[in-house]
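Please look through the sequence and the model that follow, and keep both in view while reading this report on charged pairs and nonpolar cores.

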Amino acid sequence: MADITVYTKNNCVQCKMTKKFLTSMSIDFKEINIDEHPEFVDQLKAEGHRQTPVVKIAGFNAVSGFRPDFLKKAISTEAAA
């Protein structure tokens, strides 16, 4: 399975929805909470992200927000590989 990192913030509804979606599909991911690790904020901003969650999946461009369409596509593509 692909290396998946989800950058989140406290009290972020879209972050919770993204984590719940991945968990419901039994997909392992690494969570980095940028409220607890602010050293990642400048990096994400430099990459053009202005909202959380930011989801990075190896082999795909990172996306911001709750994007079940992207997650399904990335997961199905990875499963087919």
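Which side chain does a polar contact of 3.0 Å join to that of lysine 56? The partner is glutamate 47, where a polar contact is a pair of N or O atoms within 3.5 Å, and within protein one must be able to donate a hydrogen and the other to accept it, while residues adjacent in sequence count only if both atoms are side-chain atoms. This is a predicted model, in which local features need pLDDT of at least 70 and side-chain atom pairs count only at pLDDT 80 or more, whereas totals for chains, interfaces and linings use all residues. Residues are numbered from 1 along each chain as its sequence is written, and side-chain values use heavy atoms, with hydrogens and water left out.

**Charged pairs**

Side chains of opposite charge can pair when their charged atoms come close. In the whole structure, a search finds 3 salt bridges, each being a side-chain nitrogen of Lys or Arg within 4 Å of a carboxyl oxygen of Asp or Glu.

| Salt bridge | N to O distance |
|---|---|
| Lysine 19 and glutamate 31 | 3.1 Å |
| Lysine 56 and glutamate 47 | 3.0 Å |
| Arginine 67 and aspartate 69 | 3.2 Å |

Lysine 19 has a relative accessible area of 22% and is partly exposed, a term that lies between buried (under 20%) and exposed (over 50%), for a 1.4 Å probe and protein chains only. Glutamate 31, at 39%, is partly exposed, and glutamate 47 is partly exposed at 39%.

Lysine 56 belongs to strand S3, and beyond its neighbours within four places in sequence, lysine 56 is in contact (heavy atoms within 4.5 Å) with residues including Asp3, Tyr7, Gln43 and Glu47.

**Nonpolar cores**

In soluble globular proteins, nonpolar side chains tend to be buried together. The largest nonpolar core here has 12 residues, among them Ile4, Phe21, Leu22, Val55 and Leu71; such a core is a set of buried Ala, Val, Leu, Ile, Met, Phe, Trp, Tyr and Cys residues joined through side-chain atoms within 4.5 Å. Strand S1 (4-8), H1, strand S3 (54-57) and helix H3 (68-80) each supply at least two residues of this core, and H3 gives the most, with 4 residues. Apart from this core lies another, of 5 residues, including Tyr7 and Ile32.
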